[in-house]
Amino acid sequence: MRASNATYDTNAAYDYQRVVYLIHFDGESTDYVNRKIGSPTNTLKQYLMKLTGLSQSVVPEEGRASIGNVVATIADVDDEITALLATDSYYFHRRKTTVKVGYVGMNESDMLTIMTGWVTG
């Protein structure tokens, strides 16, 4: 289990907890969130619709399997994601990705990193 910090613990104790998730792709200046946060490092787009995980997948015909997949559903507002993929269909492929969690009103620096991994699909 990852260690928390005092700001995270204080916010977690509030009765009106509203969890915030932030997804950052290395090399990008835009991060995706499901709710607004304070003092973001990068430009925020509130396009994160759903974050699910940990799942398992086995693809025997390709000789691969994975445990621990996290699936992020990001809205394609005004075709912004489509535009990125139009230039390169593997735009996000093999990008190091960080997922952080916190609560509404927290600064990004106080959020906890819950996962770091690579985009594989």
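Predicted model: local features only at pLDDT ≥ 70, side-chain atom pairs only at ≥ 80, totals over all residues.
Setting aside residues up to four places away in sequence, Ala75 is in contact with Tyr47, Met49 and Ile81.

In soluble globular proteins, nonpolar side chains tend to be buried together.

Now display the aromatic rings. Across the whole structure, 4 aromatic pairs are found. Begin with Phe25 and Tyr32: their ring centres lie 6.2 Å apart and their planes meet at 70°, which is over the 60 degrees required, so the pair is edge-to-face. Phe25 has a relative accessibility of 8% and therefore counts as buried. Tyr32, at 5% relative accessibility, likewise counts as buried.

From Tyr32, move to Tyr47. These two residues form a tilted aromatic pair, with 6.3 Å from centre to centre and 35° between the planes. The pair connects distant parts of the chain, 15 residues apart. Tyr32 is located in strand E2 (residues 30-33), whereas Tyr47 occupies the loop between strand E3 (43-45) and strand E4 (48-59). Both Tyr32 and Tyr47 are buried.

Finally, select Arg95 together with Tyr91. The charged end of Arg95 sits over the ring of Tyr91, at 4.8 Å from the ring centre.

Notes
Residues numbered from 1 in each chain as written. Heavy atoms only, no water. Phe/Tyr/Trp six-rings, centres within 6.5 Å; stacked < 30°, edge-to-face > 60°. Buried < 20%, exposed > 50% of the residue type's maximum accessible area, 1.4 Å probe, protein only. Helix = DSSP H or I, 4+ residues; strand = E, 2+ residues; numbered from the N terminus. Lys NZ or Arg CZ within 6 Å of the ring centre and 35° of its normal. Contact = heavy atoms within 4.5 Å.
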